[in-house]
Amino acid sequence: MLLQTKYFGQVDCPEDQILHFPRGLFGFEEEKAFCLLPFEGSGGSLLCFQSAATPALAFVAMDPFMLSPDYAPVLTAEELRELGVERSEELCFYTLCVVRNPASESTVNLRCPVAINDRTRQAVQVILEEGRYQMHHLLSEFAGRKEGGPC
């Protein structure tokens with residue numbers, strides 16, 4: 001599927017790589033399909049959720065495990081059923097980022113990650129019940145950490 005994108009021009013995103021969000025993303029519930037694209041030179045830690053329907057709509061995302069190796073999101077039983085898994089560890093997680101200048105003032109939302117079943121390409125954005133994660137963690141909080149997660 002050829003997509004016009006916000007950051008990458010026109011790209012080919014194979015149909016089997018499209019992520020399906022039955023509920024959309026928070027505030028963008030009508031957007032149901034996204035392609036996950038890596039930013040060049042980021043080593044896969046900085047990505048873009050590009051809308052398949054709206055070229056100007058794209059969200060910068062990061063691998064939360066690169067920021068915090070002890071990140072441990074736990075989904076509810078209902079969310080796990082919706083994604084077709086039994087445990088949160090079977091999923092890939094990405095956290096949305098608000099990019100600011102300077103970059104150290106950028107924030108990530110560890111409280112509301114995007115959870116993806118990599119086998120089925122089903123995805124949901126969730127709100128974690130546990131209170132240790134916030135919606136606005138400064139990137140500067142994570143300086144010097146370099147480990148990655150399972151995806």
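This passage looks at the cysteines of the structure and then at Leu 110.

The model is predicted, so local features need pLDDT of at least 70 and side-chain atom pairs count only at pLDDT 80 or more, while totals for chains, interfaces and linings use all residues. Residues are numbered from 1 along each chain as its sequence is written, and side-chain values use heavy atoms, with hydrogens and water left out.

Searching the whole structure turns up one disulfide (a pair of cysteine sulfur atoms within 2.5 Å). The partners are Cys 13 and Cys 35, with sulfur atoms 2.1 Å apart. The torsion about their S-S bond is about 95 degrees, so this disulfide is right-handed. It ties together distant parts of the chain, 22 residues apart: Cys 13 sits in the loop between β2 (10-12) and β3 (19-20), and Cys 35 in strand β4 (residues 33-38). Strands here are DSSP runs (E, at least two residues), numbered from the N terminus. Both Cys 13 and Cys 35 are buried (under 20% relative accessible area, 1.4 Å probe, protein chains only).

Cys 48 is in no disulfide, and its nearest cysteine sulfur, that of Cys 35, is 8.8 Å away. Cys 48 is buried, at 0% relative accessible area. Cys 97 is in no disulfide either; the nearest cysteine sulfur belongs to Cys 48, 12 Å away. With 12% relative accessibility, Cys 97 counts as buried too.

As for Leu 110, this residue lies in the loop between β8 (107-108) and β9 (114-117) and is buried at 2% relative accessible area. Setting aside residues up to four places away in sequence, Leu 110 touches several others, including Pro 64, Tyr 71, Leu 128 and Phe 142 (contact means heavy atoms within 4.5 Å).

How values were computed:
Helices (H or I, at least four residues) and strands (E, at least two) are DSSP runs, numbered from the N terminus. Buried means under 20% relative accessible area, exposed over 50%, partly exposed in between (1.4 Å probe, protein chains only).
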